[in-house]
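I opened this entry to keep a record of what I looked up, one topic at a time. The sequence and the structure come next, and my notes follow.

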Amino acid sequence: MPADSQTLNVQLTWSDVATGEGREFVGPLPITLGRTAENTIILSSSRVSRRHAMLRADGGRIILQDLQSTNGTFANDARITEVQLTAGSSFQIGPFHFTVREVPAAAVQAAQLPATRRGFEKSALFSQSFLSRFAGLPVGESALVFSHDDKLLPEAAKEPVEESLPLGGMRQPIIPINDIYHSGLPVIETTYLAVGGGIGSFAWVDHLRIFGVPADQIVAIGLEPRPMGRYSRLCGNSQIPLHERLRSNSDSCPDNIWGWPSYGLREIFRSLGKGEMGNAWWVARHVFGEPSLTYTYTPRSGDVFRAVDKEAQRIGWGRIWRYGRVQAIRKTDDGRYVVVYMAPDQRGQMVHHLALGRYVQLAMGYPGIKILDDINEYRERTRDYTHTVNAYEEHNHVYEHLKKNGGVVMIRGRGIVASRVIQRLYEVRQQNKNIVIIHVHRNPVPKGHRDGRAVRRVINHVELQPFNWPKGCWTGSMRIRLERADDEERDRLLNDWGGTTTADRTDWQRIAKQGLREGWYQIYFGEVKRLERSGKGQVVTQLSTGKPNQPELALITDYIIDCTGLTAAIDKNPVLNDMVNTYQLGLNPKGRLRVTNDFEVEGMSNGPGRVYGCGAMTLGGPHAVVDSFLGLQYAGLRAVEDLVRLRAPGLRKLTPLRSFSQWTRWVRGAEPNSRSSTPAGTAYAGGFQAQGQGVRA
Amino acid sequence: MTPTLFGRWQIRLFLLPTVGLIITLLVGLVIHNYLTPLWALLYVLVFGLVWDILYQFMTTFRWDRDWPTSFQVAAGIVEGALIWVLIITVRLPGIKTPPPFPVFLIQYGLIWLSIFLLLQGPLRLFFLNWRYQGGQWFITRTRRVSQAPVVLYPVQQQQVGVANPLEPPRVAPAFAGAPPQYAGPNPAPYAVQQPVQFAGPNPAQFAGPQAAQFVSPGPVPLDAQQTLRAPGPSAAQIPAEQTVRATVNQPYVCACGFTSDRNAGNFCPSCGRPKV
């Protein structure tokens, strides 16, 4: 046993492969890493051996030792058996990239007592202890959270949810129905209640409508009247204008549950109709040749938005959707659920409303934007929100300024958004040649992920993949394998298949190649220590590279664009956080909501009532591609089929013939036919109006 | 649609005896010989089942585990060519005299093309689930992960059975037929909880830095209590039609049969009909 004076304390940082959430471990050496529970840090991946590697102290130095692992431990792109690590250097085990740093003993004490930082982050306790067994403590990740008017708020500005709830704060897990009726608050009652109002809600409602539920039995509560409202804005901010292509498959059609005709087919016909033979040929070539002969076809964002708006019109989304910022969800004592939301009353003041529903679907998407810790710290310290931006924020001023004056831009993150931003900068660069792009990565990626016999391709230290998960995760063998796996295997598979990737687009590769050759695109590796503001208003990034010949770098840039993405941690979403706490819900290995294979939220059933989930909040469950168009449709389909099995009102099995006849209605643009509960000609024919007046004062 | 092996087999077994058979009979009608095209169809089916195993094996070399359209076309050509070569060289049983090449080409080509086109779209219009199931019509579905109700993570395990008079593990309210009992406000989210300490590695477990054989560190000690999270009742326990009804003051029976409070809302909570 080493004496205390010799004990070295280190901080290891890495990120979860599937969610991208930061992980941190602080503690004394020695530290073992491996797949089994006996290790200090448990790494769930088939590329990690049971006892993979060990970090130990040797006379004040940190030694990384490979324990004869099958797939090896890598440092500086080379497989090692034993190597001395300097502070800030990184090493790789399977899909995990670690950065190591020596810390004083006092920091260990602090790190082992993760203080609750803010009001409603208490639930983090659960996920922290839970996740620590698997992959270290989640780092108190910085995030910008969407506020009620959908502007971005710094995290500190969030208000604790329980303080402002009606019905005495709704502290009971089960609300008596009579309390709701006598609360004096406006109440709407419905059978099917969609919470979120975005693409996930729309996919579920679309299936409900096509399976036979009339529009007046469905209510969707959200902030945007158009199902793709927030998504289209985030696309615009992250440099996907309406003519640019999304990263989505041709037959993932959120406006058409059958996925046919696909977007590729529709674009071919539209182009032929307009006489644009060149584009028609381009689409046909890419649909046919993808992904082996040419890169994958993806639809134009504008085409998708228009198609979804049309489908929303067809299924009566205007009668289903209503404005509301959801605050909490509770079970009622009559087997239903009550959803509390803020909406304006007749005088335009925001007041509490209640919605009662028997079947609830949660589709709240990403609650906020992930922002790198050092950038967040810099922004809070200097109040400089113009020179450091997140790619999902409105940041056109960066391109406008660069077009006029030129400058140096730093890009952080290596995903698809980074590729888009580089493409946009390249376009701006055509007008002003004095633009230099500096791309900073935490670690090099010399080799792509491996899964069995297959390897993911890598170009310029970025892994390539047509979509955000391997394609077999949507409909193929990988989807079925994940669905049938148990929790631990799901964790392992998601780590093996996940990770940040970008699309294999030849135009982007040409831009990078040209930039590297001409010197206006540069790649740096290292851990950012701190951002400073220079006298000229530029941002200085202090980078520790971990290389012996040049351990420190200072990069002076005009702008920093953070392209690390969105966050979906449960504790960042006050509604889900409150629900998980109130009902003591279990979380899955990725710290998200635990759902069944039918996407029912486990632990939320209430007599006949059911709650379903979908989207990023369910990652780590039966489906990997939860936040894709097709993944949301799949979640909607499975939930609706489960409701058919439960004989929920209005729903009937979609037999092959009914399916086809509903599709013909889609082609004609006719509303889905349903056994309406309010026959035409009654005083309640206008379901939307009537329900609006049904509000109890 | 990215096919699975069972998907490939089911597509062959369902489409060749239907679509394939119709085209084969039409070809037979034209050439006044039904037997030879029928044998050829049988060989396409039988050989195809073996080819599918090879195709599925090939996808394991592809990161995306997919089967691009171009591969589909190439596979169709190779399969057809093999059968034709075998017909004219080996004299496959049942096909004594090889048919003229154009006849075989038209039969095989039409069958392949119609199946290819069906797979690209129209089949999905009738079978909504088919494309999500890798081309399978029949698939065993598990509704739940079997071990899901018990979350067996080590941190939680340690707390099971630990007698704690102050806060016994709470179990989510069960609905076994009786109306739910209100168990009082749930203190857990609001009580001040001690942060769970991660105790870190225990240096005593290692005899020295070079110790290759590890002693299992055993359970990580926790200072604070870990709340036990239990799921609700499984779907199997709750009959679908069972409804938990609240006591009502003035009952209103809707046309759908659901009884609710007359003064509570203007709509039937069960079917959504307006209360009249």
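**An enclosed helix**

I began with helix H15 (residues 487-497) of chain A, where 9 of the 11 residues are buried, so the helix is largely enclosed by the rest of the structure. For these notes a residue is buried if 20 or more other C-beta atoms lie within 10 Å of its own, exposed if 12 or fewer, and partly exposed in between, with C-beta atoms placed from the backbone. Helices (H or I, at least four residues) and strands (E, at least two) are DSSP runs, numbered from the N terminus. I listed the buried residues of H15(A), among them A:Arg490, A:Asp491, A:Arg492 and A:Trp497, and noted that A:Gly499, which follows the helix, has a positive phi near 105°.

**What I am reading**

I keep in mind that this is a predicted model, in which local features need pLDDT of at least 70 and side-chain atom pairs count only at pLDDT 80 or more, while totals for chains, interfaces and linings use all residues. Residues are numbered from 1 along each chain as its sequence is written, and chains are lettered from A and ligands numbered from 1 in the order in which they are written.

**Chain A overall**

I found 20 helices and 39 strands in chain A, and 58% of its 697 residues count as buried.

I then asked which way the side chains of strand S23 (residues 359-362) of chain A point. A:Tyr359 and A:Gln361 point one way and A:Val360 and A:Leu362 the other, and all are buried. Two strands pair if DSSP finds at least two bridges between them; strand S17 (residues 192-196) of chain A runs parallel to S23(A) and is joined to it by 4 bridges, with A:Tyr192 as the bridge partner of A:Tyr359. S23(A) also pairs in the parallel sense with strand S39 (residues 610-613) of chain A, over 4 bridges, and here A:Tyr359 has A:Arg610 as its bridge partner.

**Cores**

A nonpolar core is a set of buried Ala, Val, Leu, Ile, Met, Phe, Trp, Tyr and Cys residues joined through C-beta atoms within 7 Å. The largest has 179 residues, and those with the most contacts inside it include A:Leu193, A:Val195 and A:Ile218. Helix H18 (residues 629-645) of chain A gives the most to this core, with 9 residues. A second, separate core of 13 residues includes B:Ile23, B:Val27, B:Phe104 and B:Ile111.

I also checked A:Val408, which lies in strand S26 (residues 407-412) of chain A and is buried, with 20 other C-beta atoms within 10 Å. A:Val408 and A:Thr557 are 149 residues apart in sequence, yet 4.9 Å apart in space, C-alpha to C-alpha.

**A helix pair in chain B**

Last, I looked at helix H1 (residues 5-31) and helix H4 (residues 101-120) of chain B, which pack at an angle of about 145° with their axes 10 Å apart. The axes are lines fitted to C-alpha atoms, for helices over the stretch in contact, and angles run from 0 to 180 degrees between N-to-C directions.
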